[in-house]
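Please follow the description below with the sequence and the model side by side. It moves through the structure one region at a time.

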Amino acid sequence: MPDKLLEVKHLKKYFNTKNGLLHAVDDVSFDIERGETLGLVGESGCGKSTIGRAILRLHEPTGGEVLLNGVDVTKLNKQELRALRQKMQIVFQDPYSSLNPRMSVGQIISEGMQAHNMIKKKDARMQEMVLKIMDDCGLAPYFLHRFPHQFSGGQRQRIGIARALATN
């Protein structure tokens, strides 16, 4: 298995706008080794979220390569992409806007597990699995049926992290 977990090479993402072509991400390259953590830091609007979305192909890259364990993510078909999204998740910087206000914490965390067919909605183990992930993220069990507006910013960030970890 390669030492490089993720290689981003010359990543580009351009958007067509009414004022012309917007170069949101232009020639970004970096590697992440196994066990390493990378933080993207920059001012608002500089392309941090666009890079994350392009890596996951939530936005199709305009150019460049994204290699996960040596496999080019930009060349995956829909089925392969679905498997990738079970392994890679994005944690948004603004947790409140990324959480559905009509869903409880339990529903938010279990949604990805259901989408990736890890567990059925009516499975008795689902609540047990959600509570374990909540505990791992420092969320009390009695938060299970609460809604995003009932939490502090830090707690909302933990909910977003729990949601990302739920798909393993």
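Cysteine 46 counts as partly exposed because its relative accessibility is 37%, where buried means under 20% relative accessible area, exposed over 50%, and partly exposed in between, with a 1.4 Å probe and protein chains only. Cysteine 137, at 7% relative accessibility, counts as buried, and the structure holds zero disulfides, a disulfide being a pair of cysteine sulfur atoms within 2.5 Å.

This is a predicted model, in which local features need pLDDT of at least 70 and side-chain atom pairs count only at pLDDT 80 or more, while totals for chains, interfaces and linings use all residues. Residues are numbered from 1 along each chain as its sequence is written, and side-chain values use heavy atoms, with hydrogens and water left out.

Helices (H or I, at least four residues) and strands (E, at least two) are DSSP runs, numbered from the N terminus. Strands β1 (residues 4–17) and β2 (residues 20–33) run antiparallel and are joined by 11 bridges, two strands being paired if DSSP finds at least two bridges between them. A hairpin of two residues connects β1 to β2, and phenylalanine 15 stands opposite leucine 22 in β2.

Further along, histidine 116 lies in the loop between α4 (105–115) and α5 (125–136), and it is buried because its relative accessible area is 16%. Leaving aside residues up to four places away in sequence, histidine 116 touches Arg82, Arg85, Gln86, Gln89 and Thr167, contact meaning heavy atoms within 4.5 Å.

In α5 itself, Met126, Val130, Ile133 and Met134 are buried. They cover an arc of only 100° around the axis, so they sit on the same side of α5; the arc is that of the directions from the helix axis to the C-beta atoms. What covers these buried residues includes α4 and α6 (153–165), whereas the face of α5 turned away from its buried side carries the exposed residues Glu128, Lys132 and Asp135. After α5 comes glycine 138, whose phi is positive, near 75°.

The aromatic rings come last. Rings of Phe, Tyr and Trp (its six-membered ring) pair if their centres lie within 6.5 Å, with planes under 30 degrees apart counted as stacked, over 60 as edge-to-face and the rest as tilted. A search of the whole structure finds two aromatic pairs. Tyrosine 142 and phenylalanine 143 are edge-to-face, at 4.8 Å centre to centre and 75° between the planes. Phenylalanine 143 and phenylalanine 151 are also edge-to-face, at 5.0 Å and 85°.
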